[in-house]
Amino acid sequence: MAATGQPRPPASGNQFYVTHCTTADSVLNAPGYSVRAASVVGDPDTLRLALEFPPYELPLDMWRDKPPRALTPRRLARVRHPVSGIWAAHSVYLEKDTMNRDRSCFTHLIQLPATVGAAAVLESWAADAWVTDYPPGATRTLPRATLPVGTAVSPAALTAFLTGPATGPTDLSVVVCPRDYRSSAEARRRLVCRFLKAVVLLAAARQDRHARRDRLFVHAEPGLVAMLTYAAVRILPPFFTADLTFSTFEPAHRGLRDYRLATVIGTYLGGSGKGLDPELTGHRGYGLDTFYPEKSSPELREGTDLPPGIEELVDLAGAGEWDLLAEVHRLCAAEADGGLSLVRGTIPLARAVDRLNRGGLTSYDLITLKNDRRGGALLLARADKVWGYLREAVLTDRSLRATFRDWLADPARLSEYRRQATEALARGDPATWDACWELVRDTADPAEVKAQVEKALKSLDESQVALSRPARDRLRAACAQAGVWPDHDLLVPTDPEELEALLDPALPPDWQGYTCFAVLGPEAKNWLPDSTRPHRPALRERVRRHLLAAPPAVLAGYARQVKPFAASEPAFLAELFRPFRSECVEFLGRLIDAAAETIEPSDWFNLLDELDVYTAPHWQGFLLRDDHLCKLLAAFKADPLAPRVWDWALGQLTPQLFQGDDWELGIYQQLDRARAALGAGGIRLKAVIGDDGLAKLNAADTVLAVIADPAATPLRPGELLEAFQQFQLDPTEGLRLLYLRGQFDRVDLVREPARLDPFLAAFASCFPVTNESTARTAVTQWLAISEACPQPFRAAFQYYFVRQCVPVEYHRQLLEDVRRFPFLPEAQAWIHQGLALTLTRRAGTEAYAPVFAPTAPVAAIGPVTPAVTPLVPVAPAVTPAVPVVEDDIDFASSATRKARRDGRGRRKPGRRRDSQGGFGVVVVVVLLGLVVLAGSGWAIWKFSRHDKTPALPDTPPPAEKVDAKGKDAKGKDAKGKDAKTRDARPKNITGD
């Protein structure tokens with residue numbers, strides 16, 4: 001508006017007609033395409049700028065048809081003037097030029113101030129004031145011009161385009177709603193939304209100096225481009241469209257990708273079946289193709305998400321609420337990003353401000369104002385008016401209550417609502433209590449709610465028992481919500497019906513436990529109201545049944561209440577199991593889960609002893625199920641009574657543990673887990689079970705670890721022997737057990753002898769070879785174990801230990817010893833061969849190493865008696881009598897391997913050399929044999945002279961003979977107990 005209150009005059013500027021003309025008609029006196037007329041005729045530079053405006057051309061595919069002017073695209077553009085202001089350009093097609101040639105054009109240019117926005121230029125679409133032709137001979141001087149104003153593009157036209165039926169001309173030159181969109185207002189609305197999204201994306205890209213996608217290409221009729229661009233300018237906040245440049249039509253064949261005069265660039269391809277070039281829609285900018293939507297940029301295709309706020313703005317435009325839309329723009333103007341994300345909240349804010357000023361305020365308006373920082377300031381300025389509405393509205397409107405929580409959370413207001421609630425409860429008005437207390441609960445913070453509950457209980461302290469059932473229920477609910485422990489009077493029943501309510505699973509488990517505790521209490525305590533006297537037996541029976549089926553959380557709450565009374569009042573624990581019912585077993589398990597650490601160890605001892613858990617048939621195996629024993633031991637920690645249970649459990653472990661006895665394995669696993677639990681709690685196991693108990697548990701660890709994986713269990717010398725001794729298990733029997741359970745009896749000693757090494761290491765831990773005496777002892781035990789080895793591999797088994805572990809100087813004595821389990825002939829022969837080889841090596845002569853092979857197939861694991869193959873010392877010139885396994889290199893010496901290689905590499909020459917030098921080798925062997933015989937005769941004479949006999953092999957420490965199941969010949973286990981009663985509890989577990 002002008003200072004006088006009158007409308008400002010429209011902006012005006014110099015205008016120019018640019019078309020094909022003769023020299024006489026040209027302002028520049030130049031024939032052809034030139035400035036035909038202008039407001040400034042004496043300024044060549046200004047005229048040159050008008051002439052340089054890009055010329056209009058028909059789409060290439062329309063050239064052949066020579067269409068009439070009405071059926072050709074029209075250009076309306078707003079671009080920056082090279083010097084100042086803007087160009088408003090309007091171009092049309094002419095069928096002929098001044099030379100009567102086909103395809104000319106006429107452009108009407110107006111240079112206007114930059115303040116003339118895109119909306120004003122777009123509203124000139126198809127205006128009659130745009131000049132579309134100029135006759136020859138007409139004046140070349142024009143007056144200044146104002147921007148034409150049309151009716152095809154306007155706020156009313158845009159509203160009709162979004163929601164109403166489509167009308168108006170259909171000629172290509174002026175149409176704004178093409179035939180494809182005339183039948184569906186929803187399709188036009190979606191198209192506008194996608195175009196607005198494109199403008200938003202374009203604005204974001206233009207904020208980035210390095211972005212390449214800085215233009216929007218639109219394939220549509222020029223009038224539709226004008227309407228879409230106008231929608232963006234009028235609907236979006238000014239942040240996105242300020243100083244927007246556009247052209248409704250530019251020919252695609254004229255290098256559209258390099259056109260930089262406008263941001264929004266329309267084009268029309270003439271119905272050729274072509275869509276936008278992917279280069280335009282993917283790299284150069286964004287593309288919206290109204291003819292072929294699938295050729296639009298991926299971001300702008302049908303079904304893609306829209307930025308927040310766009311649909312709401314479009315709805316306002318569709319409803320014709322242009323003033324409200326302008327107010328939304330004003331409220332969003334301060335936002336750095338244009339405020340599009342705030343549109344959804346800004347629209348109702350604008351409506352709420354209007355009703356706050358005019359009257360008719362609603363809860364929705366108050367919430368809208370409160371949730372916006374701009375509306376919040378208005379509410380504070382009119383607080384009295386607002387509170388007059390809020391005081392009662394918040395009691396029924398939860399949304400309003402949550403929104404104005406900071407207003408309602410004032411302690412004085414909360415106390416007022418709480419007083420109203422308790423007074424209503426006392427007079428029997430639970431509905432008012434519900435409304436007021438719900439407000440307190442929803443408004444105050446947890447600490448304040450708890451304080452208000454405690455004040456309510458205090459105010460009703462003397463009348464809680466007399467309150468009605470609904471009132472007591474509401475008080476308990478308030479306590480549960482606030483985390484306040486109710487008074488005793490609220491947790492004891494006044495009748496059987498209320499007991500059911502108190503045992504409801506929805507109530508806190510601790511409360512249920514307290515109720516059970518109070519009901520089961522002795523009469524002398526007087527914990528129940530007088531009104532319950534006739535019902536107390538039934539109440540107690542109901543509580544017992546509830547506890548028998550209660551989850552661990554309820555039992556935990558019950559145990560916390562019972563703890564001080566468990567020793568003096570048997571009704572609290574032992575009586576729950578009388579009479580015994582099948583569910584008592586599961587009940588005790590859940591009680592252990594819930595209260596193992598709550599109830600004192602002494603009370604646990606008394607309860608388990610009274611129930612006879614250790615020996616009664618119906619409790620058989622109970623302690624091993626579900627880690628009950630482990631949980632009790634972990635809970636007892638280092639209590640003085642804990643060692644009794646540990647001793648009992650350790651006493652159940654016998655050699656049968658290593659046979660895989662389920663009972664003993666279960667006990668061991670319980671002990672192992674209890675040990676881990678104590679360790680996690682920082683309690684040393686030795687302080688609980690002493691050195692002997694720890695030694696036995698460690699011994700079980702060792703033996704079970706070796707049985708599980710001998711190769712992965714490192715053993716120190718004597719460690720396994722000590723472990724066997726802890727269980728009074730004969731080491732040989734223990735090793736035989738390890739041999740069989742480890743499936744070493746299935747080892748093929750010809751092909752895989754190294755697989756026996758883990759067992760060899762375990763054996764060496766029990767029987768280390770350090771001198772001749774220990775060697776003889778070890779061999780004796782090894783031969784005893786060899787009885788468990790399958791017959792086909794027994795000789796190899798016997799020889800393998802001698803070869804691997806016994807020094808060769810002891811071999812002869814080993815052969816002479818008399819044993820219960822002697823060497824097999826094959827093993828003796830291989831040891832003799834080894835001795836001969838040693839003598840040969842010492843004499844400097846190489847020979848084959850002794851070899852062996854089973855005389856039955858590897859798969860023959862049963863008691864097969866093979867034919868004995870005699871083994872004799874082998875020399876190079878003598879073919880060995882024992883079958884030689886060529887692939888067996890584990891028992892062959894380096895000389896043997898070398899001889900085999902030489903024999904394979906030089907077979908025929910080798911035979912000749914053998915025959916030539918064989919006699920000398922035989923002589924050497926015979927001489928050495930004589931020496932050995934002489935030495936043996938001297939040794940026999942010496943022993944005979946002194947009247948001594950060879951010492952027998954060492955034997956292991958004496959131990960009572962125990963069979964594989966840990967029982968002696970009388971059927972007793974390793975502890976001397978009868979195996980049938982091994983799970984019986986010793987008398988001293990409770991000090992009996």
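Me: Which residues of helix α32 (residues 719-726) are buried?

Reply: First, the general idea. An α-helix has 3.6 residues a turn, so residues three or four places apart point the same way. Now the case here, in a predicted model. Glu719, Leu720, Leu721, Ala723 and Phe724 are the buried residues of α32.

Me: What do the buried residues of α32 pack against?

Reply: Three helices: α31 (686-708), α33 (731-741) and α34 (757-766).

Me: Where is Asn100, and what is its phi?

Reply: Asn100 lies in the loop between β5 (86-96) and β6 (102-112). Its phi is positive, about 65°, although Asn100 is not a glycine.

Me: Is Asn100 buried or exposed?

Reply: Exposed, because its relative accessible area is 56% and the cut-off for exposed is over 50%.

Me: And Asn526: where is it, and what is its phi?

Reply: Asn526 sits in the loop between α23 (509-520) and α24 (536-549). Its phi is about 55°, again positive in a residue that is not a glycine. Asn526 has 47% relative accessibility, so it counts as partly exposed.

Me: At what angle do α23 and α24 pack?

Reply: About 140°, with the axes 9 Å apart. The two helices are therefore oblique to each other. The class needs a cut-off: an angle must be over 145 degrees to count as roughly antiparallel. The crossing of α23 and α24 is left-handed.

Me: Which residues meet where α23 and α24 pack?

Reply: α23 brings Gln512, Cys516, Val519 and Leu520. α24 brings Leu539, Arg540, Val543, Arg544, His546 and Leu547. By class, this contact holds 6 nonpolar, 2 polar and 2 charged residues.

Me: How do helix α11 (residues 343-358) and helix α12 (residues 363-370) pack?

Reply: Their angle is about 120°, and their axes are 8 Å apart. That makes α11 oblique to α12. Their crossing is left-handed.

Me: Which residues of α11 and α12 meet?

Reply: From α11, they are Gly345, Pro348, Leu349, Ala352, Val353, Arg355 and Leu356. From α12, they are Tyr364, Asp365, Thr368 and Leu369. The contact divides into 7 nonpolar, 2 polar and 2 charged residues.

Me: Now the strands. How many strands form the open sheet, and in what order?

Reply: There are 9, in the order β3-β2-β6-β5-β4-β9-β10-β8-β11. The pairing is mixed. β3 (32-38) and β11 (286-289) are at the edges, each with a single partner strand, so one side of each has no neighbour in the sheet.

Me: Which way do strand β2 (residues 15-21) and β6 pair?

Reply: In the antiparallel sense, over 5 bridges. Phe16, for one, has Leu109 in β6 as its bridge partner. Helix α1 (residues 44-51) packs on the sheet and touches β2, β3, β5 and β6. The direction of α1 makes about 125° with that of β3.

Me: What are the strand partners of β10, and how do they run?

Reply: Strand β8 (residues 216-219) runs parallel to β10, joined by 4 bridges. Val218 has Gly266 as its bridge partner in β10. Strand β9 (residues 246-247) also runs parallel to β10, with 2 bridges. There, Ser247 stands opposite Ile265 of β10.

Me: Which residues of strand β10 (residues 264-267) point each way?

Reply: In a regular strand the side chains alternate between the two faces of the sheet. In β10, Val264 and Gly266 point one way, Ile265 and Thr267 the other. All are buried.

Me: Where is the cis peptide bond at Pro579?

Reply: The cis bond runs from Arg578 to Pro579, with omega near -10°. Pro579 is in the loop between α25 (552-562) and α26 (583-595).

Me: Last, the whole chain. How many helices and strands does it have?

Reply: 40 helices and 11 strands. Of its 992 residues, 49% count as buried. Among contacts with a separation of 6 or more, 66% join residues 24 or more positions apart.

Note on methods
Residues are numbered from 1 along each chain as its sequence is written. This is a predicted model: local features need pLDDT of at least 70, side-chain atom pairs count only at pLDDT 80 or more; totals for chains, interfaces and linings use all residues. Side-chain values use heavy atoms; hydrogens and water are left out. Axes are lines fitted to C-alpha atoms, for helices over the stretch in contact, and angles run from 0 to 180 degrees between N-to-C directions. Angles under 35 degrees count as roughly parallel, over 145 as roughly antiparallel, 65 to 115 as roughly perpendicular and the rest as oblique. A crossing is left-handed if the near helix is turned anticlockwise from the far one by less than a right angle, and right-handed if clockwise. Contact means heavy atoms within 4.5 Å. Ala, Val, Leu, Ile, Met, Phe, Trp, Tyr, Cys and Pro count as nonpolar, Asp, Glu, Lys and Arg as charged, and the others, Gly among them, as polar. Buried means under 20% relative accessible area, exposed over 50%, partly exposed in between (1.4 Å probe, protein chains only). Two strands pair if DSSP finds at least two bridges between them.
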